Amino acid sequence: MELGTRRFRRAIDAAAELYRLPAWQEFTAGAWFEGLLLTESSGDPTARRYERHQDLADRRDAATDPDQPGVDDGRLEDDASYGLGQVMGYNLRRLVGAPPGTRLDFTFALDPWFGLGASCRVLVVELAATGGDVARGPGSIQRRPDWRRPRRPGEPLSVSLRRVRPARGPQRDARAGRARR
Ligand SMILES: [Ca+2]
Ligand SMILES: [Ca+2]
């Protein structure tokens with residue numbers, strides 16, 4: 001069976017390199033990033049998920065929520081996640097620099113390039129908060145405890161991660177010799 005992310009693989013690797021995501025365990029940055037995207041969207045760039053439990057009138061961020069509480073407002077919903085990496089609407093609003101409470105049509109986040117970039121921007125912030133510890137960073141990895149320990153030889157992958165390239169591959173070597181911007 002072909003993974004849903006397969007046609008984006010080169011773009012995924014490029015995004016991981018561009019945003020300097022770290023390698024983790026036996027996974028290259030591109031490999032675990034692809035696994036994360038598979039978990040989030042199955043590789044469907046138009047994936048969208050409404051988070052009803054966050055779209056509430058009495059939530060802390062309710063004052064900056066421009067849509068109707070308790071109602072799925074479709075592409076205008078800020079309490080829905082969008083795209084390959086399922087970035088939340090209120091995070092997308094911040095990423096594009098729109099002031100809190102701005103009503104946006106989030107269709108732009110269903111573009112695969114945009115989705116990859118937005119996912120990386122969120123990951124970079126999450127990883128900075130954990131000192132680069134991937135296991136304690138992205139929520140979708142935290143929700144999958146089987147990702148948080150080294151995999152035993154021959155153990156099946158619960159997420160259909162691709163076979164990883166050797167740890168001493170060009171991606172890691174290139175990064176090691178380069179100063180951080
Ligand atoms: Ca709503
Ligand atoms: Ca909302």
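This is a predicted model: local features need pLDDT of at least 70, side-chain atom pairs count only at pLDDT 80 or more; totals for chains, interfaces and linings use all residues.
Colleague: What makes H2 a mostly covered helix?

Modeller: A residue is called buried when 20 or more other C-beta atoms lie within 10 Å of its own. Twelve of the 13 residues of H2 are buried, so the helix is mostly covered.

Colleague: Why do you say that the buried residues of H1 line one face of the helix?

Modeller: The buried residues of H1 are Ile12, Ala15 and Ala16. Looking down the axis of H1, they fall within an arc of 100 degrees, so they line one face. Elements covering them include H2 and H4. The exposed residues Arg10 and Leu18 sit on the face turned away from that buried side.

Colleague: Why is Arg20 called partly exposed?

Modeller: Arg20 has 15 other C-beta atoms within 10 Å. Buried needs 20 or more and exposed needs 12 or fewer, so a value in between is called partly exposed. Gln25 also has 15 such atoms, so Gln25 is partly exposed as well.

Colleague: Where do Arg20 and Gln25 lie?

Modeller: Arg20 lies in the loop between H1 and H2, and Gln25 lies in the loop between H1 and H2 too. Arg20 has a positive phi near 55 degrees, though it is a residue other than glycine. For Gln25, not a glycine either, phi is positive at about 50 degrees.

Colleague: How do you know that S1 and S2 are paired?

Modeller: Two strands pair if there are at least two bridges between them. S1 and S2 (residues 80-82) are joined by three bridges, so they count as paired, and they run antiparallel. Across that pairing, Arg48 stands opposite Tyr82 in S2.

Colleague: What makes S1 and S3 edge strands?

Modeller: The open sheet has three strands in the order S1-S2-S3, paired antiparallel. S1 (48-50) and S3 (87-88) each pair on one side only, and that makes them the edge strands.

Colleague: Which residues touch the most other members of the largest nonpolar core?

Modeller: Of its 29 residues, those are Ile12, Trp32, Phe33 and Val87. The elements giving two or more residues to this core are H1 (9-18), H2, S2, S3, H3 (89-95) and H4 (112-129).

Colleague: What is Val87 in contact with, beyond its neighbours within four places in sequence?

Modeller: Val87 is in contact with Ser81, Tyr82, Leu92, Ala109, Ala118, Ser119 and Val122. Contact calls for C-beta atoms within 7 Å, so each of these residues meets that cut-off with Val87.

Colleague: And how many helices and strands are there in the protein chain?

Modeller: There are six helices and three strands, and along the sequence they follow the pattern α-α-β-β-β-α-α-α-α. Of the 181 residues in the protein chain, 33% are buried.

Note on methods
Residues are numbered from 1 along each chain as its sequence is written. Chains are lettered from A and ligands numbered from 1 in the order in which they are written. Helices (H or I, at least four residues) and strands (E, at least two) are DSSP runs, numbered from the N terminus. A nonpolar core is a set of buried Ala, Val, Leu, Ile, Met, Phe, Trp, Tyr and Cys residues joined through C-beta atoms within 7 Å. Two residues are in contact if their C-beta atoms, placed from the backbone, lie within 7 Å. The arc is that of the directions from the helix axis to the C-beta atoms.
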